[in-house]
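Here is a short report on aromatic pairs and a chain interface. The structure comes first.

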Amino acid sequence: MEEGKVFSQSLQESAAAYAIIQEKFGAAVSALDTNETMPFFEVVDPSLWTEIALFMREHPKLKFNYLACLTGIDYPVDEKLGIICNFESLGLLNHKLSVKVKCARNGGSIPSISCVWHTANWHEREAYDMFGMTFTGHPELKRILCPDDWEGYPLRKDYKVQDKYHGIKVPY
Amino acid sequence: MGLLDAGITQHNVLVTSVDNVLNWARLSSLWPMGFGLACCAIEMMATNASNYDLERFGIFPRSSPRQSDLMIVAGTVTMKMAERVVRLYEQMPEPRYVLSMGSCSNCGGPYWEHGYHVLKGVDRVIPVDVFVPGCPPRPESLIGGLMKVQELIRMEQIGISRADALKKLAEKSVDPRFIIEHERKVAGA
């Protein structure tokens, strides 16, 4: 936390939750980004991601029982793909925190957290469908919105639509 | 002019052509297939409901393509859906009609450039008889489109093709502006 800055109540709660995670995992997580809208940290060592997720759900002072959203992101400049997970402790401790996990842009993979929150099952399938990163340990990783034989990953920045799909012209 | 408008006299004897009777029967019970793809479907359902009451035209949705005469493509046709739309169209018995409702199914609508998953016009996969513009079209527009389909049926004859009937319809087209202006004037007076 930066000094001399006054944080809101919810941000203080997020920072307290982050401190517990940081104490346990040390260098495997980055520093907390203390913005008001979505305080987040990044998982520096993605191989620990499932373990961190389980810790966040189970620790009595964290109790993140609700995965509100899981979004995929493309970082073409850094040659990376990533996800952002928004967590809340709904009805229990009422704090929130977001987590970013990144992987290589070509053939990268991120450990699946669908065994921790079932919400992640379809959300990870969507991220895979739109960006093309794989989730290791996912029970059924296949496209969820696009047809199975669709070419490319539509939400990547350099995506070009295919010319024809089953003989039907796709571009305008 | 409709068949019933002629008036029935002389002991209920009516002299007309077979074409006229057949066309009158077909256009008076135009059954669309009950399916919608996006927000246009909401407008279509509103048109079916009591305020606009499509049943006064003999139009009411059927749950099977095999019982339908008309397909109202109401909404965004995705690439995934396009093949299903073709399948449904093929399951309809002939003669069948297609009305494309709204900008999305007409030409891709707001998804025309960045909608990688949207079919840019349902006429790329099935033949369309009537296009209704709008996003979504008001129920009045949809009724206008359906009446256009009825006009098309009225143009048909035994032995002439759909293309010829469409040509006849185009030749007979009436510009509604003058009628609307006239009605406005009458209402204002």
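## A ring pair in chain B

Phe60(B) is partly exposed, at a relative accessible area of 27% (buried is under 20%, exposed over 50%, partly exposed in between; 1.4 Å probe, protein chains only). Trp31(B) is also partly exposed, at 29%. Their ring centres lie 5.3 Å apart with the planes at 75°, so the pair is edge-to-face. Rings of Phe, Tyr and Trp (its six-membered ring) pair if their centres lie within 6.5 Å; planes under 30 degrees apart are stacked, over 60 edge-to-face, the rest tilted.

## Basis of the model

This is a predicted model: local features need pLDDT of at least 70, side-chain atom pairs count only at pLDDT 80 or more, and totals for chains, interfaces and linings use all residues. Residues are numbered from 1 along each chain as its sequence is written, chains are lettered from A and ligands numbered from 1 in the order written, and side-chain values use heavy atoms, without hydrogens and water.

## Rings in chain A

The structure holds 11 aromatic pairs over all chains. Phe25(A) and Phe55(A) form an edge-to-face pair, 5.5 Å centre to centre with 85° between the planes. Both residues are buried. Trp49(A), Phe64(A), Phe87(A) and Trp117(A) form one aromatic cluster.

## The interface

Chain A and chain B bury about 1200 Å² between them, 68% of it from carbon and sulfur atoms. Buried area is the accessible area (1.4 Å probe) that two parts lose on being put together, summed over both. In chain A, Ile168(A), Val170(A) and Tyr172(A) lose the most area to chain B, together 46% of what that side buries.
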